[in-house]
Amino acid sequence: MNKTIALIPGDGIGPDVVAEAVNVLNAVADKYGHHFEYKNVIAGGCAIDKFGKPLPQEQLDICLNSDAALLGAVGGPKWDNLPSEIRPEKALLGLRGGMKVFANLRPAVMWKQLKDACPLKDEIVGDGLDILIVRELTGGIYFGDRGTSEDQNTAWDTEKYTRPEIERIVRMGFEYAQKRQKRLCVVDKANILNSSQLWRRVAEDVKKDYPDVTLSYLYIDNASMQLVRNPRQFDVIATSNMFGDILSDEASQITGSIGMLASASLGDGTGPGLYEPIHGSAPDIAGKDLANPLATILSAAMLLRYSFSMEKEARDIENAVNAVLDEGWRTGDIAGAKRDEVSAAGKLVGTKKMGQLVVDRIKK
Ligand code: IPM
Ligand code: MG
């Protein structure tokens, strides 16, 4: 198959990890006879430096004209004091909104090899964790009306949702639950927020179409507590943009490392999907060959699966990552308490070596 992939390396460790994902994609293309053409997109802090804005329209257009887009990370201290309208993070929102990728799938899976890096006790984690967070991505407080008063002493942001915006997320939650453990939990703050009450009304209506799925609700405060108290109660979580942002960081940490979690942002299927690791730009280790490229490599696997229907190829990448972890190779973030041991065994590796190990495995 011939496909075009927009690459958005971004800032910080973004370019480091995207480079490794491209090597992996090329290995897959070679092995299976595909041809991937890459188009480079400048977005985030680097676009502010070059064009004076985080996401020029022509850069977004490159993504819209591709079959899928792979993003590293955006942002860094260099741009932290800019007004919010031209901060690098606006590039992310512009990409998500502009590409209309309203649903963000964030699977939080614990790799058995990394159990040591999980901060929870053994009896809580049992034989593993596998939670899918379906986060609403193009609405709510991230995109609602906001402002600051003239004297700068009052500021507001608005959480606003419409029924269709909620329904497509909740439906997706039900669909995935049906293919998994058949449990969907809608997380909200319905004891306070009108918008959350609407989420519940919509979920109640949609539930009729999925009689085999058990639907439950949790308030966000309780949900964040339950995630560390008893994470195995969760199968699929569907939630708003901001709550999903918060819960996915928490979920990633209990799986061991934020450096391992991939994500897919999908729309109605008529346009390209956007794939990215859930970690940030980690400017302190940028360009130092220290970042873990696996979350981005796994995001590339999701890209092949969801945007190109290349299930076999996606599995090949995931199996390769699994094999490399089985062999004991670790970047610093996933070496955990065993860092010295890993290092003594010569298996503490950098970004490039980790990428190469996955490539070698795919070629085997
Ligand atoms: C994420 C990030 C972004 C978000 C930031 C960088 C704008 O935290 O993708 O989770 O809040 O969505
Ligand atoms: Mg986040």
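1. Basis. The model is predicted, so local features need pLDDT of at least 70 and side-chain atom pairs count only at pLDDT 80 or more, while totals for chains, interfaces and linings use all residues. Residues are numbered from 1 along each chain as its sequence is written, chains are lettered from A and ligands numbered from 1 in the order in which they are written, and side-chain values use heavy atoms, with hydrogens and water left out.

2. Domains. The domain assignment gives domain 1 as 1-99 + 271-364 and domain 2 as 106-270; such bounds come from an automatic or database assignment. Their C-alpha centres lie 23 Å apart.

3. Area between the domains. Domain 1 and domain 2 bury about 2,500 Å² between them, and carbon and sulfur atoms give 61% of this. Buried area is the accessible area (1.4 Å probe) that two parts lose on being put together, summed over both. Of the area that domain 1 buries against domain 2, Arg96, Gly271 and Ile278 supply 27%, more than any other three residues.

4. Contacts between the domains. Contact means heavy atoms within 4.5 Å, and 28 residues of domain 1 are in contact with 30 residues of domain 2. Nine residue pairs between the domains, both residues at pLDDT 80 or more, are in polar contact. A polar contact is a pair of N or O atoms within 3.5 Å; within protein, one must be able to donate a hydrogen and the other to accept it, and residues adjacent in sequence count only if both atoms are side-chain atoms.

5. Salt bridges. Two salt bridges are counted between domain 1 and domain 2, a salt bridge being a side-chain nitrogen of Lys or Arg within 4 Å of a carboxyl oxygen of Asp or Glu. Lys112 forms a salt bridge with Asp326, with 3.9 Å between the closest N and O atoms.

6. Aromatic pairs. Rings of Phe, Tyr and Trp (its six-membered ring) pair if their centres lie within 6.5 Å; planes under 30 degrees apart count as stacked, over 60 as edge-to-face and the rest as tilted. The count is three aromatic pairs. The ring centres of Tyr161 and Trp199 are 5.3 Å apart and the planes are at 90°, so this pair is edge-to-face.

7. Ile42. Leaving out residues up to four places away in sequence, Ile42 touches Ala47, Lys50, Phe51, Pro54, Pro56 and Gln59. The C-alpha atoms of Ile42 and Asp67, 25 residues apart along the chain, are separated by 17 Å.
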